[in-house]
Amino acid sequence: MAVKTAGETGGRKASRFSEEGGSTLGLILKYVFLALVVGFLTFSGWQLLQDGSYPFAATFFITALFITLVYVRRTTVPLRWIAPGLIFLILFQIYPVVFTVYTAFTNYSTGRNVEKQVAIKSIENQTYVPEGAPTLNWTPLQADDGTAAIWVIDPATGEAHLAIPDQEWIPAADVPGLVLGPDGVPTSLDGYTVQANNQRFLFVSANQGVTFGTEEAGAQVTSSVEARETKQKYVYDPAQDAMVDQQTGKVYVNQEGVFTADDGSIVTPGFPVVVGVSNFTKILTDPNFRGPFARIFIWTFVWAVLSVLETFVLGMFLALTMNSPNIPMQRLLRVLLILPYAIPPFITVKVWVGLLNPILGMIGSQWNPGWFTSPFWSKVGILMVNLWLGYPYMFLIILGALQSIPQDMYEAAKVDGAGPLYQFRRLTLPLLLVSIGPLLIGSFAFNFNNFAIIDLYNQGGPPMPGAGVAGFTDILISYTYKIAFGGTRGNDYGLAAAVSIIIFIIVGAVTIFNFRYTGQLEEVSENV
Amino acid sequence: MSSAPVIPSGTVRKSPGMTMKRRRRLDTTWRLIVAFLFIAYALFPILYVIGTSLNPSGSLQSSQIFPSNPTLANYQKLLTSQQNPFLKWMLNSLLVSTTTAIITVALCAVAAYSFSRFRWRSRKRLLQGLLLSQVFPNVLAMVALYLILQQIGRYYPAFGLNTLGGLILIYLGGAIGFNTWLMKGFFDTVPRDLDESAMLDGASAWQTFYTIILPLVRPVLAVIFMLSFIGTYGDYLLAKVMLSNTEKYTVAVGLSLFIGQQFGQRWGEFAAGAVIAAIPTLILFYISQSQLQGGLTSGAIKG
C-alpha cells in the first residue's frame, strides 16, 4: 500500500486505536485474562529464580513486564495484537538463541546438567548411617493423606518419637491424641493410622532410602524390625566452595562444576560453568575433533551445492519439456510429476533405504557398490535420494518462472536468427537465474541443515574410524545432534552449541545476503 | 551452470520437408515420452511401497511390484502391534500438527492485521525484526530447547521433555515470523475502504477484524494452516530430540525406528504404516492444489 489513505491523518488515529466496543464484561474478562497470564509468567520466573536459573527467569520477568505495559498503556494498542505471537517468539525462539550462545561458552554436559543450587541441594540430601548409631525399634504409620511415617523407640533410653520425612522428630509428649499400648507402641494418634505388623515388609520395600526426619537427624528403616539413625553425608562449605564428607572428612572441591576430591573421586550431580572459548578451540585444535570436523565441514558444502545443482538441472529439464501448450492432460501429468513432493521425507527416504537394501532391496540386491558401507557410494546414494525428493520443487518454481518470460523475446531472438541452443544460453537461463536465484539460495540453506535425510538414510554413517560419533555422510547439523544427544560416552551440550553457532554464522550470512539481494527488508519500508 | 544440459525450449530442429503439423506432433510426442519416463521415476518408489504393504510375505524380496495375491495382513499386524503403537503415533502427530496450525493461524492473523492496518512508530523495525528472527532456524537451537524443556518440566510436567505440550510450545516459537509476512501481504490487498466504513459505523477494531476482514482473507488463512500443518507433521529433528518414550512419539519418529532393527521382517508393516502416514498430507495436497496457488500468488502481490 504505497498510497496512504485518509484514515492515517491525525484526527482519526484515536478512534482507530480504541479497541473495546465499550462492553464492561469484555473489559473485565480482558483484565482477568491479563492478570492470569502475567501472574503465571511472574510465578514461573520466581520459581526459576529459586533454582538459580537467572537468564531464563529474567526472560519470564521481562515478558511479563512487556505484556503489562503493552496492555495497560493506550499508545501501544497496535502492539497488543502482536503480543501473543511475540511471547512465543521471545520464549521459544529468541531466548533459545541467546541460551545457545551462552551454552557454547560453558561445559554443559552429562553430569553437569543442573544449576549449582539444585546440584548442592541434591547432594546435601544424601545421608549415611554413622558408625555405632543406635538401633531403633519402629512401627509403621500412615498419615491421613496416605504418606508414610514411623514411630521410633530407642531401646537403650526408652525415648520415643514420631518421625516424618523432612521434619524434625516430634517427642512423644508433644504428639496430640496419643494413646500408648502396653509395649510403648501407640494404638492411636491424631492424623495417623497405626498399621498392622503384617504390613512391615511392604513398608520397608516401599520406603527404601527414605529418611524419616531431617538430613541432620533422621532414621531409615533397615529391616522389618530395625531402624538406624542417619546423618547428612555432605555439607556445602561456601568458604572453600566445596562439599565436606561428614563421615570421612574428605573435601570435594568444585572443579569446573564437579565437586572433586584430591584422589579424583567425585560426587554428582555437577553443574555447568563458563569455560570461555575452550569449546571452539577444541574443534580447531583437538586432534579428536579437528580432522572429522574439517571433513564434515567440507562435505556439508559439497552436499548442499550438489543437491541444489542436481535438482535444479533435472527440474529445469522437466520444466522445459512440460512448458508447451500442446501437451494433453497437462494438469494430471503435473500432479503425478510432483507427487514425491507431497509425501513427507520421513516416509520416502526410508522407502529408498529399503530399495537400496543390499540383501532384500529391489535395487540393492541387484547392484550394491556399498550404498551404506562405502564412504563414497553412501554419499552418491544420499544425493540420488535427494534428487528424487527435490526435483519436483525445482520443477514447480522453474515452470512458473518460464511462463512469466514474455514470449515476444523469443520471437525477437528467432528473427535475429538465434537457434534453440543460443536462445537457451543467452535468454532462458539468465532470466531464470534472476527470478529464481533467491529460491536457489533458500534451497542451499535448507539442504545445509537437512538433518532428516542424512539421519534417515544411514545416521550419518558409515562411521569415520577413530573419530568418535562422526560419520562420512554427516553434515554439521547431524554432527551437532550426535554430539548433543547421540554420544555413547555422554552428551556434550556445550560443544554441540559451539558447532550450532558455526552453522548459524554461515547460514545467517547466506540468508541475510539473500534478503539484501531480493530487497525483502527494504520492501518493508516501501510498504509503510 | 554452463554445464547444464541444453534443451531446445520451443521447437526441435526443423528438417526442411516436414509440415508444420507433423513437426508439432513429433515435438509433443517426445515431450510426452520424457514426461512418462519421469512419471515412472516419480511413482516407482510409491507404487513399490503400496505393493509391499499388500504383499502377504511381508518381506522386501519380491520380483514384481504388485503381489499376485494381495492381502491386508500387514495392516492388521501393524494396527494390532503391542510393541509399536502406530495408531497412537498417528493420533499424536495429528494432535500436535492440528493444534500448532490452528494457534499459528490465530497468532499470525491478529499480528498481520495490526501490521497491515495500524500505523505506529516502530512498526517497520518490528516487521524487519520478525524477518531477521527467521535467520536463526530453531533447529539450530535444539540443544537450548532441550535444556529449556527440561527446566520447564520441573514445574509444569505437561510441557516438559517427552511431552506433546512441550513440543507444541517449541513449534509455536517459530510460528509468527515468516507466516505473518505472508499474511500481511494478503491483508494489504483487502481495500481499506471496507474497514474505514465499518469503523465509521461505530465498529471497534476487533469487530472490524472479526466480521469484515477475516472472511475476506480466508484463502490465506487456509494456506498458512496447510503450510504449518505439513511442516509440523513432517518435522523429524525436533520431535526426535524432545520425545523419548514410544507412547509419545509422533509418526515421523516412530516410523523411522520401526525398521531400524530386523529390517527384513518388519518391512511389510513399515510399508503399511508409510501408506497410512502419507494420507493426511496427500489429502491436504489435493485440496490445496488450487487454494495454494491462488493464496500464495495473491499474497505475493502487494496492494
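Which residue is the bridge partner of Q255(A) in β15(A)? I looked this up at the start. The partner is V258(A). I note that the model is a predicted one.

**Entry: the strand pair.** I then took the two strands as a whole. Strand β14 of chain A covers residues 251-255, and strand β15 of chain A covers residues 258-260. They run antiparallel, and 3 bridges join them.

**Entry: the sheet.** β14 and β15 of chain A belong to an open sheet of 5 strands. I read the order as β12-β13-β14-β15-β16, with antiparallel pairing.

Entry: Helix α5 of chain A, residues 116-124, lies across β12, β13 (242-245) and β16 of chain A. I noted an angle of about 145° between this helix and β12(A).

**Entry: the contact between chains.** Next I turned to chain B. I found 92 residues of chain B in contact with 91 residues of chain A. Helix α1 of chain B, residues 20-53, gives the most to the chain B side, with 14 residues. By class, I logged 62 nonpolar, 21 polar and 9 charged residues on that side of chain B.

**Entry: domains of chain B.** Last, I looked up the division of chain B. Domain 1 spans 20-78, and domain 2 takes in 85-262 + 278-300. I recorded 35 Å between the centres of domain 1 and domain 2 of chain B, taken over C-alpha atoms.

Note on methods:
Residues numbered from 1 in each chain as written. Chains lettered and ligands numbered in written order. Predicted model: local features only at pLDDT ≥ 70, side-chain atom pairs only at ≥ 80, totals over all residues. Contact = placed C-beta atoms within 7 Å. Helix = DSSP H or I, 4+ residues; strand = E, 2+ residues; numbered from the N terminus. Nonpolar A, V, L, I, M, F, W, Y, C, P; charged D, E, K, R; others polar. Domains from an automatic or database assignment. Pairing = 2+ DSSP bridges. Axes fitted to C-alpha atoms, helices over the stretch in contact; angles between N-to-C directions.
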